[in-house]
Amino acid sequence: MNGKKLTAVVLLAALSVSTAACGKTEETPEAEVVAVEVQTPRTGELTVDTTYIGTAAPQEQVYVIPKASGTVTETFFEVGDTVQEGDVLFRIDDEAAQLQMASARAAYASAQAGVTAQNGGARELQNFQTEEQMRQMRESLADTDEQIDDLEDDLKDAKNTEKDLQAKLPKAQQALAAAQAAYATAEAAATPRIEAIKLEIARKQEKINELSTVSGNSTEVAALQTEIGILQERLAAVNQELAGAKAALNKAQNMVTQLQSGIAGASSGKSQLESAIDQIEDGQDTIRDNLSAAEQAYAITQNTVYPQTDAVGSAQLGSASVAINSAQMQLDFCTVKSPISGIVESVSVEKNGMAAAGNPAYIISNKEAMTVTFHVAEKAKNVLAVGDHVTVEREGAEWDGVLTEIGTMTNPQTRLFQVKATVTGAGGSLPNGVSVKVYATTQRDAGKLIIPYDAVYFSAGDAYVYCVEDGRLVKTDVVVGLMNDTEAVIEEGLSESSQVVSSWSSRLRNGVEAQVVSIDGEAVVKQEAPEENAENEETPAEDGGEAVTEEAE
């Protein structure tokens, strides 16, 4: 019996012996008394906590990733060191960046020379560039014509495919209707058979349960179990027939779905092809406009000094200036600084080693607050709320946590919801990435009568307890609500003054006389009988003993 504690059972018996005229003695039957401990129901709140496995991580953690690659020339911090925001973590060899800066400056000087040359009037070069642009635009027009021809061929094929699929669809829909009718007929025929078989199995199982309580019926039980097996085989056969009709229905449905999907795909393909043709034709219009503009500009620039020369030169100088700024940025990338204040968790670079752009070099964590992430089922998710307190435990140490995030969608693999809690004050006791236990209250019931779980018994799904009333045990039916490992909520059947038996004994029976040895954990002191009465009780036993001895002789 689960959770039931054995307590001492006190049997009080008195033997009264009287001597008849014939010299025989007469015994009275024993009076059974059961010693019990009782508990009065308390009114309060009962909660059920669920244990989850979570993972601890700093609430703020950054991966310091260099934006430049090269040889590390200096490092300034190691694992476990404390850094401040803006501290230089390491430096990368900047020789290549210095060369890039020199090249950018040289390009700027070259741009300045180009401006001078343009202002002097290099018309032949400008004419050449314009002619080249016009040639490329004419070639682009020819290429787009070919693209339109190819797309129109594809459009024709898509239309033919759509037409073929639409022709096949009515026949497939007829087949689906027939399959649906066949399945409906099969289901209508199978359903009463299934229900009848299930009912018969339930009846025979109930009979087995009745026979199992009485010894000597193993043969009849075995026969009933054999009959249940035959019924189960019949049930499986009916289900298999229904499954066959369902498979045919699914096959017909899949065919209709495939045809409809194919038609939709062909229609979508047509729309895409038509849109592509429209876009290319729009592009041709743009190219033609650009070509016309280029031809007009070419005609104008043949014997005209370009008034835009200064603007072009200014743009070239601006571009060269941007290159210098870019080179300066590359130089800055060679000095890597900490973006936050915290503790160095990991270092993957060393002096004279290589640092690769895009690969984490330092991991820095701010451990003033830790985040514990765990996953719960939907039922628990619906009970939890942001702001609820949870207990986080690792290696015997516990911390208070507060829920800060409850996911609204499940993980595709686990079908669980992600929940996050913030834990403060853990410091180095919760290293990054360790597993912890999280205790969260997922069920709660308040204002109800609560008794020890061990006091509740179950029979055929019905719950009952033993109460002491007028010195005797009374078997009392109850309705049980929320339960945990130690207590149970009683919805119906008890009152606040009920004396519920909390100790277990094999002699607990309805109507048996009960001796209460403790109430709510407090021992009940039994009053001792006066010494005079004790002597009076011993006399019949001695007389009886002598009488029995004489008769035996």
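Does Gln284 count as buried or exposed, and what is its relative accessibility? In this predicted model, Gln284 has a relative accessibility of 5% and counts as buried. Because the cut-off for buried is under 20% relative accessible area, a value of 5% falls on the buried side. Gln284 has its place in helix α3. Leaving aside residues up to four places away in sequence, Gln284 touches Leu141, Thr144, Asp145 and Ile148. With one of these neighbours, Thr144, the contact is also polar: the two side chains are joined at 2.8 Å.

Charged side chains come next. Side chains of opposite charge can pair when their charged atoms come close. Across the whole structure, a search finds 15 salt bridges. Among them is the pair of Arg138 and Glu295, in which the closest N and O atoms are 3.0 Å apart.

Another salt bridge joins Glu227 and Lys204, and here the closest N and O atoms are 2.6 Å apart. Since Glu227 lies in helix α3 and Lys204 in helix α2, the pair ties together parts that are 23 residues apart in sequence. The surroundings of the two partners can be read from their accessible areas. Glu227 is partly exposed, with a relative accessible area of 33%, whereas Lys204 is buried, with a value of 16%. The figure for Lys204 counts as buried because it is under 20%.

A salt bridge can also be found within a helix. The side chains of Arg288 and Asp285 meet in one, with 3.4 Å from N to O. These two residues are three apart in helix α3, so about one helical turn separates Arg288 from Asp285. Arg288 counts as partly exposed at 41% relative accessibility, and Asp285 likewise counts as partly exposed, at 42%.

Finally, salt bridges can be linked to one another. Glu132, Arg135 and Glu139 form such a network.

Technical notes. Residues numbered from 1 in each chain as written. Predicted model: local features only at pLDDT ≥ 70, side-chain atom pairs only at ≥ 80, totals over all residues. Heavy atoms only, no water. Salt bridge = Lys/Arg side-chain N within 4 Å of Asp/Glu carboxyl O. Helix = DSSP H or I, 4+ residues; strand = E, 2+ residues; numbered from the N terminus. Buried < 20%, exposed > 50% of the residue type's maximum accessible area, 1.4 Å probe, protein only. Polar contact = N/O pair within 3.5 Å; in protein donor to acceptor, adjacent residues only side chain to side chain. Contact = heavy atoms within 4.5 Å.
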